[in-house]
Amino acid sequence: QVQLVESGGGLVQAGGSLRLSCAASGRTFSTYAMGWFRQTPGKERDFVASIARSDNTYYADSVKGRFTIARDNARNTVYLQMNSLKPEDTAVYYCAAVQSPVYYSAIHYATAGKYDYWGQGTQVTVSS
């Protein structure tokens with residue numbers, strides 16, 4: 001069982017930056033693929049970014065070049081650096097985890113159904 005706790009959300013002006021963090025419990029963090037998703041009211045949870053055990057990464061087209069996902073296995077933490085934020089990035093952001101074979105790339109984890117564990121979410125609001 002893995003528990004995930006997100007932090008770092010908040011209110012920011014368009015063009016600004018935020019860094020989200022997701023801290024995971026347990027001693028096997030390095031064996032998990034990790035992902036970030038976001039959701040707005042009345043809509044499905046959308047993929048944002050994923051990172052494999054190998055540090056291979058994959059991004060949604062809407063955030064490519066603006067967001068960066070990274071992991072620190074020593075700290076059991078995955079990050080989402082968000083730059084050049086736009087009002088349409090406003091959403092609740094969720095961290096997700098799933099145990100993964102070492103040879104699976106990040107693109108394999110671009111759908112919510114691939115994940116077994118989810119955090120509670122953190123609100124990001126971008127004002128225009």
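Which residues does Ala-33 touch, not counting residues up to four places away in sequence? The views below take this up in turn. This is a predicted model, in which local features need pLDDT of at least 70, side-chain atom pairs count only at pLDDT 80 or more, and totals for chains, interfaces and linings use all residues. Residues are numbered from 1 along each chain as its sequence is written, and side-chain values use heavy atoms, with hydrogens and water left out.

**View 1. Ala-33 and its contacts.** Ala-33 lies in strand β4. Helices (H or I, at least four residues) and strands (E, at least two) are DSSP runs, numbered from the N terminus. Ala-33 touches Ile-51, Ala-52, Arg-71, Ala-96, Ala-97, Val-98, Ser-100, Tyr-109 and Tyr-115, not counting residues up to four places away in sequence. Contact means heavy atoms within 4.5 Å. Ala-33 is buried, with a relative accessible area of 0%. Buried means under 20% relative accessible area, exposed over 50%, partly exposed in between (1.4 Å probe, protein chains only). Ala-106 is 73 residues from Ala-33 in sequence, yet their C-alpha atoms are 7.5 Å apart.

**View 2. Strand β4 and its partners, β9 and β5.** Strand β4 spans residues 32–39, and seven of its eight residues are buried. Two strands pair if DSSP finds at least two bridges between them. β4 and β9 run antiparallel, joined by eight bridges. Here Gln-39 stands opposite Val-92. β4 also pairs with β5 (residues 46–51), again antiparallel, over five bridges. Trp-36 faces Ala-49 across this pairing, standing opposite it. Six residues lie between the strands of the β4 and β5 hairpin, where Gly-42 takes a positive phi near 80°.

**View 3. The disulfide of Cys-22 and Cys-95.** A disulfide is a covalent bond between the sulfur atoms of two cysteines. The rule used here asks for a pair of cysteine sulfur atoms within 2.5 Å. By this rule the count is one disulfide. The sulfur atoms of Cys-22 and Cys-95 are 2.1 Å apart. Cys-22 lies in strand β3 (residues 18–24) and Cys-95 in strand β9 (residues 91–99), so the pair ties together parts 73 residues apart in sequence. The S-S torsion is about -75°, so the disulfide is left-handed. Both cysteines are buried.

**View 4. Asp-89 in a loop.** Asp-89 lies between β8 (77–82) and β9. Asp-89 counts as buried because its relative accessibility is 1%. Leaving aside neighbours within four places in sequence, Asp-89 is in contact with Arg-38, Arg-66, Phe-67, Ser-84, Val-124 and Val-126.
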